[in-house]
4 protein chains.
Amino acid sequence: MTHLIPDNRGRLLVACSDQPGIVASISSYLQQQGANIVQSDQYTTDPEGGMFFMRIEFDWSTERNSFLEIKEGFKKVAADFQFDWRMEQAVRKKRMVIFVSKESHCLLELLWKWKANELHVEIPLVISNHADHQKEVESYGIPFHHIPVEKGKKQEAEKRAIELIKEHDIDFVVLARYMQILSPTFVQTFAHKIINIHHSFLPAFIGANPYAKAFERGVKLIGATAHYVTDDLDEGPIIEQDIMRVNHRYSSEDLRIAGRNVERVALARAVMWHHEDRVIIHGNKTVVFS
Amino acid sequence: MTHLIPDNRGRLLVACSDQPGIVASISSYLQQQGANIVQSDQYTTDPEGGMFFMRIEFDWSTERNSFLEIKEGFKKVAADFQFDWRMEQAVRKKRMVIFVSKESHCLLELLWKWKANELHVEIPLVISNHADHQKEVESYGIPFHHIPVEKGKKQEAEKRAIELIKEHDIDFVVLARYMQILSPTFVQTFAHKIINIHHSFLPAFIGANPYAKAFERGVKLIGATAHYVTDDLDEGPIIEQDIMRVNHRYSSEDLRIAGRNVERVALARAVMWHHEDRVIIHGNKTVVFS
Amino acid sequence: MTHLIPDNRGRLLVACSDQPGIVASISSYLQQQGANIVQSDQYTTDPEGGMFFMRIEFDWSTERNSFLEIKEGFKKVAADFQFDWRMEQAVRKKRMVIFVSKESHCLLELLWKWKANELHVEIPLVISNHADHQKEVESYGIPFHHIPVEKGKKQEAEKRAIELIKEHDIDFVVLARYMQILSPTFVQTFAHKIINIHHSFLPAFIGANPYAKAFERGVKLIGATAHYVTDDLDEGPIIEQDIMRVNHRYSSEDLRIAGRNVERVALARAVMWHHEDRVIIHGNKTVVFS
Amino acid sequence: MTHLIPDNRGRLLVACSDQPGIVASISSYLQQQGANIVQSDQYTTDPEGGMFFMRIEFDWSTERNSFLEIKEGFKKVAADFQFDWRMEQAVRKKRMVIFVSKESHCLLELLWKWKANELHVEIPLVISNHADHQKEVESYGIPFHHIPVEKGKKQEAEKRAIELIKEHDIDFVVLARYMQILSPTFVQTFAHKIINIHHSFLPAFIGANPYAKAFERGVKLIGATAHYVTDDLDEGPIIEQDIMRVNHRYSSEDLRIAGRNVERVALARAVMWHHEDRVIIHGNKTVVFS
């Protein structure tokens, strides 16, 4: 729901140990700055000694101060409570890079939604280990970088990708069915900033060929999982999952094709929540203020 | 999610014209009372001159004050901003009366969930225009009142029902497939306190025999709608809707039977949200902080 | 599930009054031709004097006869029972024309699925009353015809469209959010061959602006309906419907944008079932052997 | 869809290696007996050397022969093609025993549907290792057998259960959240006749405490799986699965409570399909003609 974002809309995400007075302090600070809270969502894991999570959307008074002043002033409140926090200017488009291999459905879903203004992001580049989708990506006016991953030369390929990502000042990385396992170096370089779509309902069917495994097991639903990437394969914090109903008539190949619809939906939703600052990672889980 | 409600948990629902400082004032007040906000959800229809809605769950400090003191003290804040508001003690069980006719699935769903402590309510009585379910209701230890609605004597029947409801100090009324149309007098006596389940996906198939109509139209999904009752039949504020997939093999009777599953699920969810103070009625719509 | 269609796969659709011996006669005929039934689905509305519907997929023996011989020979069986029937060679791609206005999501969904070999059709042309999507359509190698519908000149526009459709030997027409009402002449020219996507859960919100109406009514689910077009606006036989959950936070515009996902899914499924010969129209309903 | 079953309705389930002429032979046989096929569904795994599965509902001519004659006569057809088959008289109610422990939601779902004539079965007894639900079960007029499973005396308990099952001529066993692992002896005694509900979306969260595991993993959907019991825990052929959406607000206990709704729905659907002879087990999978 990004179609009309006011210039003076801010977003605040806060996580901390629960303690009295947090909401009052935050809201009083915003009020003092002349800001109006237009949406807020808060959740405490446990009233006794639990974690406190909050997301606020506010419109600040541009006549009185700038976004940076609001943000700067908030540091004092944050320090008092030892917040883990971030404040974002909603209108700023986050810069997203898409990694893709041969299957294009997730890539195209993101490009469509971007072109239709459903995804309020910039896509400075697409990176692929194959050249297949160069023409299509470029038809959207987006530069395409073909970085082949040759046997034994993965490190070089990743190095090139990391350079490109830094060069383009990227906010987050989306693996849109990028069929390469990333090294710990890569993952740690962009910790909590890489979103992957796994083509199963995790934790079922971790690893390769989940549709073949689903076929073997005879499941009646297939799923997809969008998650942040960590060093443990398919074990990172889950952002979104979805499923569809199948039956005995589906071959392994049918599952693979049908599953595309679930994958692209789950991934697009996760990307939307991420770029709208709706997701807080806590340990190996997410709080999603959707 | 009512299985463990602390004695000192309060709930606050607020609706008003949006204006600066609302959240700050509410949260400051609660903090001054030593209360801790454990969950909050807020929504503004439109940053410019829109409506402000908020739901807060808080734990107050029983050593410092009582619920009534918290509530009493809040009146000043409420007056400043001209809130339409209510504050509830979460642990207090709302008193619910169920009206039923011959079909028992919605009644039984509510009784089950009540017995399994999923519905944190009291059910002082069940009222029916038929005697069919007397034994079953009484096996739950709940008094059953058979109030037949004879032709031309509807007014008397309603009068008796109103008396019973007042006598038992009922908080809200659930029409669990009660197949009688209530008079404006009855509806206005319990305005915004009557929840009905309509056996279609409103506004499709308003009125009688929705499954027969759905069969005639050849729909591929059937639905159910839980809504507050107003004078306009099937036009009140919708609380919850759900659907299920059907196909050409379903006869009108099959739809009716299959639909029971959707009806009871949608109704139970609406009742839960209502008794957990998650619903604010605004005009002919609801804000549901689920 | 069209990714691998054998050259000798046939499909038979049959509708008739129920009577003894239909299945035996059909299957005996196919066996005599050396054909092997690989899938069949049958349904009788009512064992006593009802309608009989059947769909069969079979592989015929190419060494013994051609598709035309199989089809020709079947006429006798069909005459005996007064079948309303059709037999199709599965491998033959049906020729589909897409009509579109300004919103491209349904168009693009179909083009994608077509390019990904999920839709086993030919798309000889796309017709639009606006020029907006010319470049995109042509990038798929598909001719784009811009036929403006000027005030008072609708008849001419339709005439041009009909000519094009006949010229290109089109099997069926898809209205992918084509925002023009077609004349009875057009509808009757392609009776039972025009699929439309309506952006509501019919019969709710018939006519224009369903999302605005859904917003006004405060529904908790929005839907889309794919149906065959008849002279009665939004009243034709429903092929497929789907829904998604929404809440009070959705503005009318949010509903419109979110609804795109439901529309394209429901339409794509209907188109797939139609081109795979899975749909039999009976009166104002469909039998879908999905 | 069992509300009106004609006395002369038969059901035929067939599995065999695919070969030409199967459908013709079956349908010709039925026609010769004066039977009318009212529904049929067929599926072949692979046109080349695959498996053939078929389900037929037919109405036989009671004036000409009895069910036993129809069945007896079919043996010749079956022998010709080496069918694995069974023929059932639809009106005969299968005899079902329910095993339950402390959680009653699945038990009650089945009892309700049975009482509402949605489940066309007989329930000669309920067996439990706890006495908790005795009164409730008996209020339905169903004998309740309390067979405690004491440490080290499991074998005796099972022996008693097996005796009861045989005594009551039971067709199939439903484990409605029966929290005991059955011995290989028990499982093999009723091979392919025991349906279990597992409270997760298998193969995710095999074994004990799936909701605690789901909470730990931070999944966004929880599920339930109805499957036939084999010696491998939670590895038997899946009949039905369903899911519901959850979020970060759900504690492990909340998941457990919410999951009840999914469990009872998935189990009830599996039981319905089983007793309506809609399920064929093939290897470790099921073909469900729903």
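Q: How many salt bridges are counted between chain B and chain C?
A: The model is a predicted one, and a salt bridge here requires a side-chain nitrogen of Lys or Arg within 4 Å of a carboxyl oxygen of Asp or Glu. Arg245(B) and Glu240(C) meet this requirement, since their closest N and O atoms are 3.0 Å apart. Between chain B and chain C the count is 8 salt bridges.

Q: Which strand gives the most residues to the side of chain B that touches chain C?
A: Four elements of chain B, namely β2 (36–44), α7 (210–217), β11 (238–245) and β13 (285–288), each supply at least two residues of the side that touches chain C. With 7 residues, the strand that gives the most is β11(B).

Q: Which three residues of chain B lose the most area to chain C?
A: In this interface, 34 residues of chain B are in contact with 34 residues of chain C. The area buried between the two chains is about 2,900 Å², and carbon and sulfur atoms give 52% of this area. Together supplying 25% of what the chain B side buries, the three residues that lose the most area are Arg217(B), Lys220(B) and His248(B).

Q: How many residue pairs are in polar contact between chain A and chain D?
A: Between chain A and chain D, 34 residues of chain A are in contact with 34 residues of chain D. The rule finds 8 salt bridges across this interface. With both residues at pLDDT 80 or more, the count of pairs in polar contact is 24.

Q: Which residue of chain A forms a salt bridge with Asp242(D)?
A: The cut-off for a salt bridge is 4 Å between the side-chain nitrogen and the carboxyl oxygen. The pair qualifies because its closest N and O atoms are 3.7 Å apart, and the partner of Asp242(D) is Arg245(A).

Q: Which strands are the edge strands of the open sheet of 8 strands?
A: This sheet has the order β4(C)-β1(C)-β3(C)-β2(C)-β2(D)-β3(D)-β1(D)-β4(D), with antiparallel pairing. An edge strand pairs on one side only, and the edge strands are β4 (84–89) of chain C and β4 (84–89) of chain D.

Q: Which residue stands opposite Ile37(D) in β3(D)?
A: Strand β2 (residues 36–44) of chain D pairs with strand β3 (residues 51–59) of chain D in the antiparallel sense, over 8 bridges. In β3(D), the residue opposite Ile37(D) is Phe58(D).

Q: At what angle to β3(C) does helix α1 of chain C run?
A: Helix α1 (residues 22–32) of chain C lies across β1 (9–17), β2 (36–44) and β3 (51–59) of chain C, together with β2 of chain D. Relative to β3(C), helix α1 runs at about 20°.

Q: What is the bridge partner of Ile98(D) in β6(D)?
A: In chain D, 7 strands form an open sheet in the order β7-β6-β5-β8-β9-β10-β11, with mixed pairing. Within chain D, strand β5 (residues 94–100) and strand β6 (residues 121–128) pair in the parallel sense over 6 bridges. The bridge partner of Ile98(D) in β6(D) is Val126(D).

Q: Is the peptide bond from Leu202(D) to Pro203(D) cis or trans?
A: Most peptide bonds are trans. Pro203(D) is found in the loop between β9 (194–198) and α7 (210–217) of chain D. Omega for the bond from Leu202(D) to Pro203(D) is near 5°, and the bond is cis.

Q: What is the value of phi at Asp169(A)?
A: Most residues other than glycine have a negative phi. Asp169(A), in the loop between α5 (154–167) and β8 (172–175) of chain A, has a positive value, near 55°.

Key. Residues are numbered from 1 along each chain as its sequence is written. Chains are lettered from A and ligands numbered from 1 in the order in which they are written. This is a predicted model: local features need pLDDT of at least 70, side-chain atom pairs count only at pLDDT 80 or more; totals for chains, interfaces and linings use all residues. Side-chain values use heavy atoms; hydrogens and water are left out. Contact means heavy atoms within 4.5 Å. A polar contact is a pair of N or O atoms within 3.5 Å; within protein, one must be able to donate a hydrogen and the other to accept it, and residues adjacent in sequence count only if both atoms are side-chain atoms. Buried area is the accessible area (1.4 Å probe) that two parts lose on being put together, summed over both. Two strands pair if DSSP finds at least two bridges between them. Axes are lines fitted to C-alpha atoms, for helices over the stretch in contact, and angles run from 0 to 180 degrees between N-to-C directions.
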